[in-house]
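Please read this briefing alongside the sequence and the model.

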Amino acid sequence: MEALEVMSPLSGDTIGFVNTTPLHATTLMYDQARKAHSTWQYISIKERLQYIRRLKHIIVEQLEDGIDIIHQDAGKPKVEAITADLFTVLDTIAYLEKHAAKILKTHKTKTPIALIGKKSYSSYQPRGVVLVISPWNYPFQLAMNPVINALLAGNCVILKPSEVTPLVGQWMESLFEQAGFPEHVIQVAHGGKELGAKLVSEKPDYIFFTGSDRTGKIIQQEAANHLIPTSLELGGKDPMIVFNDANFDRAVRGALWGSLTNYGQVCMSVERIYVEKEKYESFIHELKKELQNLKIEPSDDADLGSMTFENQLQVVQNHVTSAVSKGAKIFSGSHKNLHKFQGMKMEPIILTNVDHEMDVIQEETFGPVINVIPFENEEEAIQLANDTRYGLSASVWSKDLNKAKRVAVKLAAGSVVVNDVIITIANPYLPFGGIKDSGIGRYHAQAGLQIFCHQKSIMVDKGIKKSEVNWYPYEGKLPHFKNFITSWYGKRKNVIKFLSSYIQLLRKSK
């Protein structure tokens, strides 16, 4: 059996090995999952929640281990490991404990008067076997949240965590085992792109993918061949609009954290900052000053960790090098020595004099690069912010909340934050997802459970009447149907005429 060698992005040292899943094993995994689903789908939500609750308690008990594993495997600061990966999952479980039963409960709906005597219901049924392919930037959160929702909705799940952060994947597999889930209800497949492609080709009942838009489009094409529904959570190029009347100090600190949290490796990272012209110069100088105060040396108090995926270093360098060659200025930092610090670290960069013809503004950089651009007025800010093929998130900064909300409505994004950044993904009560090349579908909140279900419509008739007015024979019914429609849907409703028409139709149906 082959094994993935795990290299710490912080030190470059080998820190472990994780056995991969053979390609030939995927068919058996699906067979086992489908067999397990025949039982799991009929277990009550209350019983499923007991497994999820045990999972929550085990995560809390192993919190220190989880922090260390995520820190070492992904290279992020320990504070970010606990706040962005672990806390968000625990908070999602808490939300589901409170709301899942109500969200998935079969509920009665209205029945139109034309179908009088019947009752209507809407129910949610699990899809079957769900394939979740998760990324390396938030290897715990972006795997666990969709998996937990899919399981709670009654599906069996095959999870393929990123091969870039395999120790986190291995730990997640252990957590599910310790929580005592029935055999084959949740299976974890470890490996790279070839394994992911093989798992997609096995025709799961639903695919939930988080990653690059390039890979997402490949998965969508393969899924379309078999009409497999998908949710795609893809990349972003998120704008931040700072007006003159914004809380200046807060905006600077928000820009710094929004750009550099997880070393800029966030689909919702602030990758484009637009500052109203009068405050532009003071903004970039204060931003540079705050950047220089960040702690980079390894410790529990470190503000910055490292890049996680070595290939991404080259993407960052290419974007910066290309921008500089076209006239951009490096206001802070350097791109010439990516390994200035130990491990996969690079010096964060502030770029000025950038424009919308540059890759660093149009393509997802996914690294510690801060682009700052001045704007003249509200209309120009909106136009610049929307000038991208992405549409994941955005932020607007102003003390005038009416103006901020007005601008927020006009931004082409799946979510917008006023006077803060990124945080919509941390609210389990809000649906999350993007538009344009940032993806398809929503999860979190009610949608987070319901996307993993078929919505089934049910109508019930007591079966007492011998016939229905719309059944055969049609003889003599046409005039009464005309009166039925005109008396109810015409400009003036005539209830007496409507009831008379319906009685005549009942008589014709006997």
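The structure holds 4 cavities of 30 Å³ or more, where a cavity is a set of points, on a 1 Å grid over the protein atoms alone, at which a 1.4 Å probe fits but cannot get out, and lining residues are those with an atom within 4 Å of a point. Grid points are joined across faces, edges and corners, and a volume is the space filled by probe spheres set on the points. This is a predicted model, in which local features need pLDDT of at least 70 and side-chain atom pairs count only at pLDDT 80 or more, while totals for chains, interfaces and linings use all residues. Residues are numbered from 1 along each chain as its sequence is written, and side-chain values use heavy atoms, with hydrogens and water left out.

- The largest cavity has a volume of about 80 Å³, and among its 16 lining residues Pro239, Tyr390, Gly391, Ser393 and Ala412 lie nearest its centre.
- Two or more residues of that lining come from each of strand E10 (238-242), helix H13 (378-386), strand E15 (390-391) and strand E16 (393-397), with helices (H or I, at least four residues) and strands (E, at least two) taken as DSSP runs numbered from the N terminus.
- The lining of the largest cavity has 8 nonpolar, 4 polar and 4 charged residues, where Ala, Val, Leu, Ile, Met, Phe, Trp, Tyr, Cys and Pro count as nonpolar, Asp, Glu, Lys and Arg as charged, and the others, Gly among them, as polar.
- The second largest cavity, with a volume of about 50 Å³, is lined by Asp238, Pro239, Met268, Val270, Ser393, Ala394, Ser395, Val421 and Ile422.
- E10 and E16 each give two or more residues to the lining of the second largest cavity, and the largest share, 3 residues, comes from E16.

**Strand E10**

- In E10, 5 of its 5 residues are buried, meaning under 20% relative accessible area with a 1.4 Å probe and protein chains only.
- Asp238, Met240 and Val242 point one way from E10, whereas Pro239 and Ile241 point the other way.
- In a regular strand the side chains alternate between the two faces of the sheet.
- E10 and strand E11 (residues 270-276) pair in the parallel sense over 5 bridges, pairing being defined as at least two bridges found by DSSP between two strands, and Arg272 in E11 is the bridge partner of Pro239.

**Ser438**

- Ser438 is placed in the loop between strand E18 (435-436) and strand E19 (439-440), and Ser438 counts as buried because its relative accessibility is 0%.
- A polar atom of the Ser438 side chain lies 2.9 Å from the backbone nitrogen of Gly391 and, likewise, a polar atom of that side chain lies 3.2 Å from the backbone nitrogen of Leu392.
- Leaving aside residues up to four places away in sequence, Ser438 touches Leu232, Glu233, Leu234, Gly235, Gly236, Tyr390, Gly391 and Leu392, contact meaning heavy atoms within 4.5 Å.

**Largest pocket**

- The largest pocket has a volume of about 1,200 Å³, a pocket being an open set of points with protein on both sides within 12 Å along at least five of seven lines.
- Of the 40 residues that line the largest pocket, Lys193, Gly211, Ser212, Arg214 and Thr215 are the closest to its centre.
- Helix H7 (193-201), strand E8 (206-210), helix H8 (213-225) and helix H11 (310-325) each supply at least two residues of this lining, and the largest share, 6 residues, comes from H8.
- By class, the lining of the largest pocket has 16 nonpolar, 14 polar and 10 charged residues.

Definitions and conventions:
Buried means under 20% relative accessible area, exposed over 50%, partly exposed in between (1.4 Å probe, protein chains only). A polar contact is a pair of N or O atoms within 3.5 Å; within protein, one must be able to donate a hydrogen and the other to accept it, and residues adjacent in sequence count only if both atoms are side-chain atoms.
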